[in-house]
Amino acid sequence: MTTSPCDVGDPYDTAVVGAGPAGLAAAVTAAELGVRVALLDAGERTGGQFYRRPAAALGARRPEALHHGWSAYADLERRLRTLREAGRVRYLPAHHVWTILPDGADADGGTSGWRFHALAGSRVEEERPAQIRARTVLLATGAYERQLPFPGWTVPGVIGAGAAQAMLKSGLVLPGRRIVVAGSGPLLLAVAGSLTAAGAEVPVMVEASSYAAYARRLPTLLRVPGKLAEGAVHAGALLRRGVRMLSRHAVIAAHGTERVEAVTLARIDRDWRPVPGSARRVACDAVAVGHGLVPQLELAAELGCATRRTPDGGVALRVDGEQRTTVTGVWSAGETGGIGGAELALIEGELAGRSIARTLRGVLAHSRHTARAAARRARMRAFADLMAAAHRPRSGWTGWLDDTTTVCRCEEVPAGLIKEAAGELGAHDARTVKLLTRAGMGWCQGRVCGPAVNWLTGEDPAAGPVADRRPLSCPVPLGHLAEPPESP
């Protein structure tokens, strides 16, 4: 076991979990204001999902061509490099934090700090237990895609919309040559645009919701003209490249054996039920599908942070004007407080970093700048809530399923078995369905199938892994739990 000053009672001022836009902005801002920061991330490089970059071995000459808003990230990366060289930020890549525990009590009986346990290593076979200590916590753990199953969604070539973009950004590869992009949410426009710009044919982009909902909140739209322009640019590029855009439609089935060969599209009503007689087939060799994002809140749930209901029917952390959660000493920034995109995440990260510096160091700097950032955050959050409400999944999507459709991919549990458990066997909640069917017991622990299982059970779709306070936020080998952890 290796030791370090951190291991014998010298904690960092704050530990930031997640090096995406929010975490990176928070770490840099706090460190520049005198806070000693540890920045932990499961990835091997900063940027998170949004600023993914190709591996150096691929020799990409212009990785910024795959992104918008690259200059903001480049500036943060430059500042981080300077702070690391000065010893003010300790950057710990390939560190997957699996639990955060109280580390002592203060004079008032509250928590005086936190102990972070992580799996360190870029490969499973090389992972080792590690830990650090910090006085405060900033959660910037991001989000993962929401998937709603349909017949054929497990056929090779059917992948998440975000996964298709990740393949392109990090591997410079396309999931296919003729790709149907489908689901719901603003990510679809960006994904379809990236794929077509890289040379793929996208015969159709299928949106389950209607963009008419935006028009009913015109004042909110006018307060974020940059977002309006961004959407217009994406839509214009798709039209120039011959991409047909269909709203109030969904992919209700994928066809193929060794590889997807076609999908069935159908018009859907306001509750997302397929309209009889509207189905038609579209040939393709890949499908990129996703229905928005879900905040990754496992660590926050274990810490006891309170949540709020979001306009898309999900949950996110409840934070105050300085990005503080309901747990003393714990802040949140980015998608953990509600899905809002990279620009909002950057603003929230900066505000959280300033709040941490004020709390720990008494720093009161740039009050006007902070006020402007807070006002901009309010406008961006209002727009994010508008998007969430406009693209909220509706319960009628379960009409896409037949009894043989796989819902839990990890344990290969079909929809029929879940319906039987919830009906004939009398299960009234997802936990009981899980015990009867093993749905949600696999490697992902219900992150992929959770919302679908809840819908089929008749439970709140927002319930799932986040509703349960678990001591482990990810699978951890028993041997690592028994080993004494190292200080990185």
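**Salt bridges and cysteines**

Modeller: Happy to. Glu-411 and Arg-438 pair up in a salt bridge, with 3.0 Å between their closest N and O atoms. Please keep in mind that the model is predicted. Glu-411 is partly exposed at 26% relative accessibility, and Arg-438 is partly exposed too, at 43%.

The loop between α12 (430-437) and α13 (450-457) also holds Arg-447. Arg-447 forms a salt bridge with Glu-298, the closest N and O atoms lying 3.3 Å apart. Here the partners are 149 residues apart, with Glu-298 in helix α8 (residues 298-303). Glu-298 has 10% relative accessibility, so it counts as buried, the cut-off being under 20%. Arg-447 is buried as well, at 17%.

Elsewhere, Asp-271 and Arg-273 meet in a salt bridge at 3.4 Å, N to O. Asp-271 is partly exposed at 32%, and Arg-273 is partly exposed at 42%. A network of salt bridges links Glu-32, Asp-75, Arg-78 and Arg-79. The count of salt bridges comes to 21.

Now the cysteines: the whole structure has zero disulfides. For Cys-410, the nearest cysteine sulfur is that of Cys-444, 4.0 Å away; a disulfide needs the two sulfurs within 2.5 Å, so Cys-410 is in none. Cys-410 is partly exposed, with a relative accessible area of 38%, whereas Cys-284 is buried at 6%.

Conventions
Residues are numbered from 1 along each chain as its sequence is written. This is a predicted model: local features need pLDDT of at least 70, side-chain atom pairs count only at pLDDT 80 or more; totals for chains, interfaces and linings use all residues. Side-chain values use heavy atoms; hydrogens and water are left out. Buried means under 20% relative accessible area, exposed over 50%, partly exposed in between (1.4 Å probe, protein chains only). A salt bridge is a side-chain nitrogen of Lys or Arg within 4 Å of a carboxyl oxygen of Asp or Glu. Helices (H or I, at least four residues) and strands (E, at least two) are DSSP runs, numbered from the N terminus.
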